[in-house]
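Try each one before you read the reply.

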Amino acid sequence: IPIGRSYDGHEWERAAGRYDTLAYDCSAGTSCTVALPDADSLSFYVVGYSHALTADQTAARFFEKATFGPTSSLLSLGVTSAPSALADWISSQMDEDVTP
């Protein structure tokens, strides 16, 4: 049963469920504490996950927000490998001759 989570360097936050009333104290700087109920009769463990997006996933995420969704032709622009390609794409989207 999850009791809390922290991701991307954010402070710990409660997870919905049985232990959603637990309070996290992150005032110490780089570490946080939480008082666990029934700590003598239950087992608790910390699980960490590492996740990094590929260049294609980053581009797809951008186009998901900036368009009606990523397409193969958009992903083939190489916007994550060449920042100028992304700037060119954005400029082309704001072309007054094309935009009504």
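## Exposure, pairs and packing

Q: Does R5 count as buried, partly exposed or exposed?
A: R5 has a relative accessibility of 46%. Buried means under 20%, and exposed means over 50%. The model is a predicted one.

Q: Which side chain meets R5 in a salt bridge?
A: Side chains of opposite charge can pair when their charged atoms come close. A salt bridge needs a nitrogen to lie within 4 Å of a carboxyl oxygen. Here the N to O distance is 2.6 Å, and the partner of R5 is E13.

Q: How many salt bridges does the count come to?
A: The pair of E13 and R5 is a salt bridge. By the 4 Å rule, the count comes to one.

Q: What is the relative accessible area of E13?
A: E13 pairs with R5 through its side chain. E13 is partly exposed. Its relative accessible area is 30%.

Q: How do the axes of α1 and α3 run: roughly parallel or roughly antiparallel?
A: Helix α1 covers residues 55-66, and helix α3 covers residues 83-93. Their axes come within 14 Å and cross at roughly 15 degrees. Angles under 35 degrees count as roughly parallel. The two helices are therefore roughly parallel.

Q: Is the crossing of α1 and α3 left-handed or right-handed?
A: The axes cross at roughly 15 degrees. The sense of the α1 and α3 crossing is right-handed.

Q: Which residues in α3 meet α1?
A: On the α1 side, the contact is made by F62, F63 and A66. In α3, they meet L86, W89 and I90.

Q: How many residues of the contact of α1 with α3 are nonpolar?
A: This contact has no polar and no charged residues. The number of nonpolar residues is six.

Q: Where is F44, and how far apart in space are F44 and D88?
A: F44 sits in the loop between β4 (33-34) and α1. At 31% relative accessibility, F44 is partly exposed. F44 and D88 are 44 residues apart in sequence. C-alpha to C-alpha, their separation in space is 51 Å.

Q: Which residues is A23 in contact with, leaving aside its neighbours within four places in sequence?
A: A23 lies in the loop between β2 (13-14) and β3 (24-25). A23 and W12 are 11 residues apart in sequence and 9.3 Å apart, C-alpha to C-alpha. With the neighbours left out, A23 is in contact with R14, T33 and V34.

Q: Does V98 count as buried, partly exposed or exposed?
A: V98 is in the segment after α3. Its C-alpha atom is separated from that of S73 by 19 Å. The relative accessibility of V98 is 63%. The cut-off is over 50%, so V98 counts as exposed.

Q: What is the relative accessible area of D95?
A: D95 is found in the segment after α3. D95 and G69 are 20 Å apart in space, C-alpha to C-alpha. D95 is partly exposed, and its relative accessible area is 32%.

Note on methods: Residues numbered from 1 in each chain as written. Predicted model: local features only at pLDDT ≥ 70, side-chain atom pairs only at ≥ 80, totals over all residues. Heavy atoms only, no water. Axes fitted to C-alpha atoms, helices over the stretch in contact; angles between N-to-C directions. Helix = DSSP H or I, 4+ residues; strand = E, 2+ residues; numbered from the N terminus. Parallel < 35°, antiparallel > 145°, perpendicular 65-115°, else oblique. Left-handed = near helix turned anticlockwise from the far one by under 90°. Contact = heavy atoms within 4.5 Å. Nonpolar A, V, L, I, M, F, W, Y, C, P; charged D, E, K, R; others polar. Buried < 20%, exposed > 50% of the residue type's maximum accessible area, 1.4 Å probe, protein only.
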